[in-house]
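Visitor: I would like to be walked through this protein, with the rule behind each term given as it comes up.

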Amino acid sequence: MKTVFDKTTRDELISRIDTVNENSQNEWGKMSVYQALKHCTLWDEWIQSNKNNNQAFIGRLFGRMALKKILKNEAPLARNTPTLSELKVKETNGDIASEKKKWIALINEYVHFSNPGFVHPFFGKMTKEQVGQVAYKLTTICGNLIVRSAFLWCLKWS
């Protein structure tokens, strides 16, 4: 499975992000281009931080099963997959170029990833390999949110 810890995969994701502009259209969900970009930068900032997270009770019951299901194959995340409230973006307009630049820098930072005790509030403690695979899937989905023609080929998970 692809992971953001692989340089070739990071380069592929960055080239996709580079195609995003203010005329890009939402291909996957309800977010505006800016909201999708901001959501992705918030995710990458959060996952790379050394912030202590606690696993929610519901996650203790179902988190491992859900993570296993998500990572069992290359299939993209399902539509309307829940997100953490702190990663939801309310403002619909902002500086797209700046957010792209920030997101690309965060993608490049995965080469220095060092958060061995990362605990996802739902999935629980995750290995570096799991973090890399989930980050890849989320980055790909965010790309599908905001680029119509440039990302259509990435929906084919061969």
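Visitor: In what order do the elements of the protein run from the N terminus on?

Guide: This is a predicted model, in which local features need pLDDT of at least 70 and side-chain atom pairs count only at pLDDT 80 or more, while totals for chains, interfaces and linings use all residues. Residues are numbered from 1 along each chain as its sequence is written, and side-chain values use heavy atoms, with hydrogens and water left out. Helices (H or I, at least four residues) and strands (E, at least two) are DSSP runs numbered from the N terminus, and the protein has five helices and two strands. From the N terminus on, their order is α-α-α-α-β-β-α.

Visitor: What percentage of the residues of the protein count as buried?

Guide: Buried means under 20% relative accessible area, exposed means over 50%, and partly exposed lies in between, with a 1.4 Å probe and protein chains only. The accessible surface, from the Shrake-Rupley method with a 1.4 Å probe and, for residues, only the protein chains shown as cover, comes to about 8,800 Å², of which 54% belongs to carbon and sulfur atoms. Of the 158 residues, the share that counts as buried is 46%.

Visitor: Which residues of H1 are buried?

Guide: H1 has twelve residues and reaches 16 Å from its first C-alpha to its last, close to the 16 Å expected at 1.5 Å a residue, where the expected span is 1.5 Å times one less than the number of residues. Its buried residues are Thr9, Arg10, Glu12, Leu13, Ile14, Arg16 and Ile17.

Visitor: How far apart are the closest N and O atoms of Arg16 and Glu12?

Guide: Arg16 and Glu12 are four residues apart in helix H1, so they are separated by about one helical turn. Arg16 counts as buried because its relative accessibility is 6%. The closest N and O atoms of this salt bridge are separated by 2.6 Å.

Visitor: Which helices hold the two residues of the salt bridge between Glu45 and Lys102?

Guide: In this salt bridge the closest N and O atoms are 3.0 Å apart. The two residues are 57 apart in sequence, so the pair ties together separate parts of the chain, with Glu45 in helix H2 and Lys102 in helix H4 (residues 96-108). Glu45 is partly exposed at 30%, as is Lys102 at 33%. The helices asked for are therefore H2 and H4.

Visitor: Where does H3 bend?

Guide: The 14 residues of helix H3 (residues 57-70) should span 20 Å at 1.5 Å a residue, and the end C-alpha atoms are 20 Å apart, which agrees. The bend at a residue is the angle between axes fitted to the seven residues ending there and the seven starting there. The buried residues of H3 are Gly59, Gly63, Leu67 and Ile70, and the bend, by about 55°, is at Gly63.

Visitor: Which residues does Asn50 touch, not counting residues up to four places away in sequence?

Guide: Asn50 is found in the loop between helix H2 (33-48) and H3, and counts as exposed because its relative accessibility is 57%. Asn50 and Gly117 are 67 residues apart in sequence and 8.3 Å apart in space, C-alpha to C-alpha. Taking contact as heavy atoms within 4.5 Å, the residues that Asn50 touches are Ser114 and Asn115.

Technical notes: Salt bridge = Lys/Arg side-chain N within 4 Å of Asp/Glu carboxyl O.
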